[in-house]
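Reader: I have a new model open on my screen. Could you walk me through it, one question at a time?

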Amino acid sequence: MSAKLWAIVRREYVERVHSKSFVIGTIPGPLRMAAMMIVPALAARSKGKPLKVAVLSASGELRQAVEAALREEKIDGRDRFDIQPAQAEASEAALKQAVLDKRLDGYLALPEDAVSSGSASYYGRSVTNRIVLRAMERTVSAVLVGRRLTGAGLDPGKVNELTRALDMKTIRLSEQGEREDQGAATILALVMLMILYASLLLWGQAVMTSVIEEKTSRVVEVMASGVPSTILLLGKLLGVGAAGLTQVLVWALSLLGVSLAAAGPIGSFSMPEVTPLMLVSFVVFFLLGFLFYAALYAAIGAAVNTVQEAQSLAFPVMLPIILAMISFPAVLESPEGTLAVTVSMIPGMSQLTMFLRIVVLTPPMWQILLSIALLGLGILAVVWIAGRVYRVGILMYGKKPTFPELVRWVRHA
Amino acid sequence: MNDNALVLRGIRKAFAGHVAVQDLSLQVPRHSVFGLLGPNGAGKTTTLRMVMNILGPDAGTIEILGQPADHAARDRIGYMPEERGLYPRMVLEEQLVFMAAIKGVKAKQALARMGPWLERLSLADWRKRKTNELSKGMQQKAQFIATVLHQPEVLIVDEPLSGLDPVATDVMREALLDLRRNGTTIVLSSHQMDTVERLCDRVVLINRGEKILDGAVSEVKARHGKNTVVLAFDGDGSFIGSLPGVVKVTDFGQYLELRLEAGSDPQPLLREAAARLRLRRFEIVEPSLHDIFVETVTRHGKEAA
């Protein structure tokens, strides 16, 4: 029997891996992984040409002070702003025209009462470059506040020193050591979570489609006359699962590769940390989650005649996975909270939530193992049910069964 | 040592409210060509599926080649279902290797065996092509090869000749007879009565899940008596149907098949026909399996109603 199972697994695997969609989905994976690592790192710093701006103010003295402060703004040793000296008599209309003619990126207009009212306006072709504009706002604000302090007879330098704002760095502590987290880790966690979620749905549905195809092409009767339906189902799950695993491994290994390379020559970027535990659990939770969902999808495929018919039955199956996705902000917020721990134990949700918890904080090992064990039990239960629906369903053509009918199949198969 | 390739005892199968097969018992002798007949929905496919363990019977036992039916025993059967099925995107050669593997044959062996079959059924040029590039007839031939590559001792074929052109029909019929000569037991399910009549030694007729006829073809025909008359003639033969003793007329225009009342003498009929028509043929024959089929099923239908 094992030779037959092997033949089925091999056929399923070869058919998937040879398909165009597999190649298209897998090969750019490493590139996407590289992008996943580098883009968050790059996004954390702002980059690009300095912003070409002019300052418009009724008071020449205020204008010069603001200009000087903006010139001082540096990022990685380069100027953030390229200040175009504007004549005192420069009219707002002329500046507007300069912006529209692309001689300027924008201009900052300070009203006469700028110091007392604390108001200013920035006009620019693009106002979505938040990071740069935030820096401008901060700088101008500092100048205005400094003026007010001087006006009140205080020394801005002294005040500044006394009211220095908190500069809090966030450092992730784990058994593997400590590392400064600059937000990129959260982005990475969410991206990995999305990939896991999409892979589970994609490969689960691949199983469903393939069951429906076997029904449509009637090949399933020939198959069922050769091997028991349980072997047929198992072979399909393992074969398609192996193809999915191949894809996920290619991705995970390239992620590891990029992460190792990042420690070297481009180490100056703040790369998000990828631990071996994260990669291993990515693969493990993909496999377990796949078996759980693929078995359910196989049962749906066996029960219906067309992919269209499958949609309404597929929704209840997707519900736990959707709930898991909805719960992720709460899990991120409090990875050790009751909700997070509970959800990371429920089979059908745990493969996403436990993975997310591992990425953000490394939960106690017993929780990870318990979650895996429960998921294992869940898989056994689901495969048992799916096997029964599958056995009856593959030979049923015609009307789509109702839910009570499906229950009857499970009870009497 | 048992002389039967298949033995079914008291098989019963019901689906949600309706009984598909009812207390069915039959024996298929080894080395025979066995016809499993019955109108659409009679329960033939359900019976074959139970033999192949695709469905489990509610009651009764099945014995294959003298053994209780388990999966090892089923590897000795080849089954070609009425609904053909091949993987559409698989290359023919790989498909055949796979189908053989499902029956426990190693790839090397399967490759060696498929050559002569592909030659014989004119598929050799299509060996490296995908199934969905093959015509329907070719797919059917490919399916047949997939069914016999593991050299089954019992071959169950459902409508093996339907959809084939006359040349392919002859090749396939020859192939079936060759297998039989080599000792394969063949179970043939078909609606093509002339094929069944020519190929089969024994037949079983089932209707509404029950067996209503069982025996050697010659015996079944003899049992129905030599009361069929075949007439070929020129002229208007419409009067013949109303002659005394004629029970049933199958009219082909210039050719008639008549069923006479049991025990009635065909001589007066011959005289009357010769007097009024220009006869080319007048022959007293056994009824065709076709007629026996129609008559038996109709009678059973009335009794049941």
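Reader: How far apart do the C-alpha centres of domain 1 and domain 2 of chain B lie?
Author: Let's begin with the bounds, which come from an automatic or database domain assignment. In chain B, domain 1 covers 4-221 and domain 2 covers 226-285. The C-alpha centres of these two domains of chain B are separated by 39 Å.

Reader: What should I know about the model itself, and what is the mean pLDDT of chain B?
Author: This is a predicted model, where local features need pLDDT of at least 70, side-chain atom pairs count only at pLDDT 80 or more, and totals for chains, interfaces and linings use all residues. Residues are numbered from 1 along each chain as its sequence is written, while chains are lettered from A and ligands numbered from 1 in the order in which they are written. pLDDT is the predictor's confidence in each residue, from 0 to 100. In chain B, 99% of residues reach 70 or more, and the mean pLDDT is 88.

Reader: Which helix gives the most to the side of chain B that touches chain A?
Author: Two residues are in contact if their C-beta atoms, placed from the backbone, lie within 7 Å. By that rule, 17 residues of chain B touch 18 residues of chain A. Helices (H or I, at least four residues) and strands (E, at least two) are DSSP runs, numbered from the N terminus. With three residues, the top contributor on the chain B side is helix H3 (residues 92-102).

Reader: In S7(B), which residue is the bridge partner of B:Ile77?
Author: Strands pair if DSSP finds at least two bridges between them. Strand S6 (residues 77-80) of chain B runs parallel to strand S7 (residues 154-158) of chain B, with four bridges joining them. Within S7(B), the partner of B:Ile77 is B:Val154.

Reader: How many of the 13 residues of H5(B) are buried?
Author: A residue is buried if 20 or more other C-beta atoms lie within 10 Å of its own, exposed if 12 or fewer, and partly exposed in between, with C-beta atoms placed from the backbone. Among the buried residues of H5(B) are B:Phe144 and B:Ile145. The buried residues of this helix pack against S6, H3, helix H4 (107-120), S7 and helix H6 (166-181) of chain B. H5(B) is mostly covered, and its buried count is ten.

Reader: And in chain A, what percentage of residues count as buried?
Author: Chain A holds 18 helices and eight strands. Out of its 413 residues, the buried share is 38%.
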